[in-house]
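Biologist: Please put the model up, and then I will go through it by questions.

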Amino acid sequence: MSRQNDFSVEMTSAISSVWGRLAKTPIVRGEGSWVYDIEGRSYLDFTSGIGVTATGHCHPLVVQAVQEQASKLLFGQMNCMLPEKTVEYSRAIREVTPDSIDTFFFSNSGSEAVEGAIKLAKVSTGRPNVIAFQGGFHGRTAMTMALTSSKGIYREGYQPLPSGVFFSSFPNAFRDQCDADLAVKTALADLERLLKTQTMPSETAAMLIEPVLGEGGYIPTPKAFLQGLREVCDRTGILLIVDEIQSGFARSGHMWAHESSEVRPDILIMAKGIASGLPMSAIGASGELMSKWQPGSHGGTYGGGSPLAMAAGLATLQVIRQEHLIENASREGEYLSNRLRDCLSRLPHRTDVRGPGLMIGVELISEHGPDKELVTHLQHECLNRGLMLLTCGIGGNVIRWIPPVNVSRSEIDEAIDIFDQSLNSVMEKRETLALTS
Ligand SMILES: Cc1ncc(COP(=O)(O)O)c(C=O)c1O
């Protein structure tokens, strides 16, 4: 029996239909890698709410920190007062960011942080334009939509979007079936051309890049490409903004996914896994750069002022440290990737299992091209068997594996069993259909 029988349309009619949804039956409880719906069914949540519940659902230390804080101070508006927890968090986050990133602005969502980072880059350089990369996703507010090119639906119907955004190509050796070095060289040459023909360095405030393309297909940004961007930025005075909203906080098997490239960002953007489920985001930069932001020229009622989120953020850092989650993401990510490669080896498709740590993309290409149909069927078969998975990629043909960073080996084994059964079932149906048509 399907786990997702048509859940009463009447009961959910007061919720905007703009939210497409994977699992339709309301969820009442979450614990670790599991969630439970109102009909008592359990699901392995390998979406982590798009990377938010990094320490699993309701980690006891996070819950305790939030409960204790809730009885002390719920809110302290940053222009009116300085909540103690914000001070404490700013010191704690400084311990885990690159040396050059030592001053922080806090807000609520990822988009808000991206918007803020762009404002900081523009005001500090006095330059008007920004370069983003093809396939990137940076949010859904007006400016962040303008910076996003992972799917047409995020922009369609909302144009014209804010101006001053230019796109350069992202190196994708798997898609282009070329050598990885050649893909990087070609993309860097595109960037140089853009800087000569459309937005001169003197007009370009920043480049904005995800160290692992998220929504765009879970494609790790090659180290050589990040290093090439750094070199261009150093030469031209353009700021390098690294968007670690989805890839940060141990997800990649490092604290930050860009770490392995040894590239220094000028501005680092964080959110999602930062507070294990409470809305929180941050922009990090050097004190010198931050000081170019005139007091009052950026802010917001809720910016930096949620002691609850700060408490959850502090507990999240503690859990990452105490439970060795960086090591867990690295070890279990490798195990999961290998098990996925085994499962997929029987497919006639061209497949790619990629990604650092527990940010794994599985791309399926059939002889006809990106196999979105197979990926969609697989996603639903998995859901019916109790495994929640998301998809991504421009062609909709990438399955993204983004379990909590503290996922256990036995949970991964359980997820792989479900995935394997689902794959068998979908392929059998396909074969039957092919024989009867
Ligand atoms: C890399 C990246 N940047 C920005 C955002 C936007 O964050 P939010 O949805 O919290 O506004 C997301 C969200 O998925 C993201 O993955």
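Biologist: Which residues are closest to the ligand?
Modeller: The ligand is surrounded by 14 residues, where a residue counts as near if its C-beta atom, placed from the backbone, lies within 6 Å of the molecule. The closest are Gly110, Ser111, Gly139, Ile245 and Gln246.

Biologist: Which residues do the totals for chains, interfaces and linings use?
Modeller: Residues are numbered from 1 along each chain as its sequence is written. This is a predicted model, so local features need pLDDT of at least 70 and side-chain atom pairs count only at pLDDT 80 or more, while totals for chains, interfaces and linings use all residues.

Biologist: Which helix gives the most to the shell around the ligand?
Modeller: By class, this shell has 5 nonpolar, 7 polar and 2 charged residues. Here Ala, Val, Leu, Ile, Met, Phe, Trp, Tyr, Cys and Pro count as nonpolar, Asp, Glu, Lys and Arg as charged, and the others, Gly among them, as polar. Helices (H or I, at least four residues) and strands (E, at least two) are DSSP runs numbered from the N terminus. With 3 residues, the top contributor is helix H4 (residues 110-125).

Biologist: Is glycine 139 buried or exposed?
Modeller: Glycine 139 sits in the loop between strand S5 (129-133) and H5. Buried means 20 or more other C-beta atoms within 10 Å of the residue's own, exposed means 12 or fewer, and partly exposed is in between, with C-beta atoms placed from the backbone. Glycine 139 has 22 other C-beta atoms within 10 Å, so it is buried.

Biologist: Which residues is glycine 139 in contact with, leaving aside its neighbours within four places in sequence?
Modeller: Contact requires the two C-beta atoms, placed from the backbone, to lie within 7 Å. With those neighbours left aside, the contacts of glycine 139 are Gly110, Ser111, Val114, Thr144 and Thr148.

Biologist: How far apart in space are glycine 40 and serine 109, C-alpha to C-alpha?
Modeller: Glycine 40 is in the loop between strand S2 (34-37) and strand S3 (42-45), and 7 other C-beta atoms within 10 Å make it exposed. Glycine 139 and serine 109 are 30 residues apart in sequence and 9.1 Å apart in space, C-alpha to C-alpha. For glycine 40 and serine 109 the sequence separation is 69 residues, and the distance in space is 31 Å.

Biologist: Why do the buried residues of H2 lie on the same side of the helix?
Modeller: Val62, Ala65, Val66 and Gln69 are the buried residues of H2. Gln64, Gln67 and Glu68 are exposed on the other side of H2.

Biologist: Which helices are included in what covers the buried residues of H2?
Modeller: An α-helix has 3.6 residues a turn, so residues three or four places apart point the same way. The cover over the buried residues of H2 includes helix H3 (84-94) and helix H10 (307-322).

Biologist: Which bond joins glutamine 159 and proline 160?
Modeller: Proline 160 is in the loop between helix H5 (142-146) and strand S6 (165-168). With omega about 0°, the link between glutamine 159 and proline 160 is a cis peptide bond.

Biologist: Is serine 48 buried or exposed?
Modeller: Serine 48 belongs to helix H1 (residues 48-51) and has a positive phi of about 50° although it is not a glycine. Because serine 48 has 26 C-beta neighbours inside 10 Å, it counts as buried.
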